[in-house]
Amino acid sequence: MEPLNRATAAELGAAVRQLPVKVLQFGEGNFLRAFIDWMIQGMNDQGLFNGGVTVAQPIEHGMVQTLNEQDGLYTLLLRGIRNGEVVVDTSVIQSITRTVNLYTRFDDYLREAENPRLRVIVSNTTEAGIEFRRSDRPTDAPPTSFPGKLLRFLKYRFDVFNGDAAKGFLLFPCELIDRNGDTLKQIVTELARQWYPDDTAFQTWLIQANVFFNTLVDRIVSGYPRDEAEALCHHFGYRDKLIVAGEIFHFLVVEGPLEYEPEFPLVTAGFNVKWCGDMTPYRTRKVRILNGAHTMTVLAAHLYGLETVKNCMDDPVLAKYARQGVFEEIIPTLDLPRKELEEFGEAVLERFSNPYINHLLLSISLNSVSKFTTRVLPSLLEYQKRKGTLPRLLTFSLAALILFYRGIRRGDIAIIAERQVDGEPYEVKDSPDILDFFWTLWNSESDLGERVQTVLSRDDYWGMDLNTVPGLTSAVAAYLEQMIRDGVPAAVRRVTE
């Protein structure tokens, strides 16, 4: 079987194009290839962008060599549920034109800045990538940090084009941190003041000629489908070492001046992209609905006897639990248009039903206390504020959290607990102080009501003493007692009635 490259792609009837480079991309990993490069392909197919990508490998050991072997081509396999139907979409992505390894060809990397058509910079260097490293130096080739690598590139660009304001960049960091563009800009400008303290012209150009957008990205990308790869390659008719699999759903929020959208026409191309002046409502929507639905469901679902998110959607009781939580208790606390919120809610539940993604409940359960605080508690409190009563399912999920943390043995890095429904052991993983707290709590002589009161009093966990929320302490204690006395399956069925 021949490997995928431009020659084999042409033999299979693909129209292989060589486009001028307009995008510099930091990162060659699965997410950017299944998200941004896929969008660039779509814009090119519609004749809206007509630009290729140079991929800069920001870490010493990466995949640019494999990309080069395949002439930048790879197969993208998107699968999921859309409008109740299973959808499978397969395409060969041709967006990547060139690659460069910063650790072996740093000068070639800098020379990419000489390209006058280069306008867009995208990145995904993991959450830890956007960090300030005081040890970085302007002579490093390359600097250790991503902001340091980027600053070397920007300074070279400034020098080559003599500070031409029209040669700045539109920067779209896709790292999963809040206000990623603002954070990257702050670190780069601070680093520039340290590295080039006397070059005020460059510092001005850096701030005024470059636009750092905040982004919010959303698509589950499972990566290389190792178990299916051989069969898929036989089906495709070529060997592909870079197959990347992901879900059908995608969503991108870009916060920044809309006037620049024609230069990177994601909205015009019809993608699920919101280009806006304030991304806060969309970030809140994602955290409260998508992440909140996960957190309010997974602990109860695991105690109920299930293993994956897909199991939850296949079980009528848990599916009802998740749907009621999203549509009856979370969405009413948000201020975006109701239709938009409901469409997003339906999309979230379809994503949970995706048969191609094996999302383990115990994986999502990691650090559930902090997750509950950021993802579920704001909805619970806002619902109580607006309705004057407690949301049943969100309150129940807090009781399920307390029960989930009840262990039978203290391990080195986890509490070992036992599922009541079948006696199966499982690991509770969180920060050491939280594990110590719950281990001590469940081994104390306190009664159930006192234990709940103690948990809710931890303002260092919740940001407030939750015992001050009217009726919350007694409601959580009642749900907890039901789960212990009657079993979690019976308690979940009752709370959804």
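Two strands count as paired if DSSP finds at least two bridges between them. Helices (H or I, at least four residues) and strands (E, at least two) are DSSP runs, numbered from the N terminus. This is a predicted model: local features need pLDDT of at least 70, side-chain atom pairs count only at pLDDT 80 or more, and totals for chains, interfaces and linings use all residues. Residues are numbered from 1 along each chain as its sequence is written, and side-chain values use heavy atoms, with hydrogens and water left out.

**Stop 1: the four-stranded sheet**

Select G223. It stands opposite A245 in β11. Now show β11 whole, residues 244-247; two bridges join β10 to it, and the two strands run antiparallel. Widen the view to the open sheet of four strands, ordered β4-β3-β11-β10, with mixed pairing. The twist averages 20 degrees from one strand to the next. Axes here are lines fitted to C-alpha atoms, for helices over the stretch in contact, and angles run from 0 to 180 degrees between N-to-C directions.

Contact means heavy atoms within 4.5 Å.

**Stop 2: the three-stranded sheet**

Select β9, β12 and β13. They form an open sheet in the order β9-β12-β13, with mixed pairing. β9 (214-218) and β13 (273-276) each have a single partner strand, so one side of each is left without a neighbour in the sheet. Zoom in on E255, which stands opposite C276 in β13. Four bridges join β12 (251-255) to β13, and these strands run parallel. Then show helix α10 (280-304): it lies across β9, β12 and β13, at about 30 degrees to β9.

**Stop 3: strand β5**

Select residues 96-101. Five of the six residues of β5 are buried (under 20% relative accessible area, with a 1.4 Å probe and protein chains only), so the strand is largely enclosed by the rest of the structure. Five bridges join β2 (52-57) to β5, running parallel. A56 stands opposite V100.

**Stop 4: the second largest pocket**

Which residues are closest to the centre of the second largest pocket? Select I81, R82, I248, F249 and E350, from a lining of 20 residues. Helix α13 gives the most to this lining, with five residues. The lining divides into seven nonpolar, five polar and eight charged residues.

Terms used
Buried < 20%, exposed > 50% of the residue type's maximum accessible area, 1.4 Å probe, protein only. 1 Å grid on protein atoms, 1.4 Å probe; cavity = no way out; pocket = protein on both sides within 12 Å on 5 of 7 lines; lining within 4 Å. Nonpolar A, V, L, I, M, F, W, Y, C, P; charged D, E, K, R; others polar.
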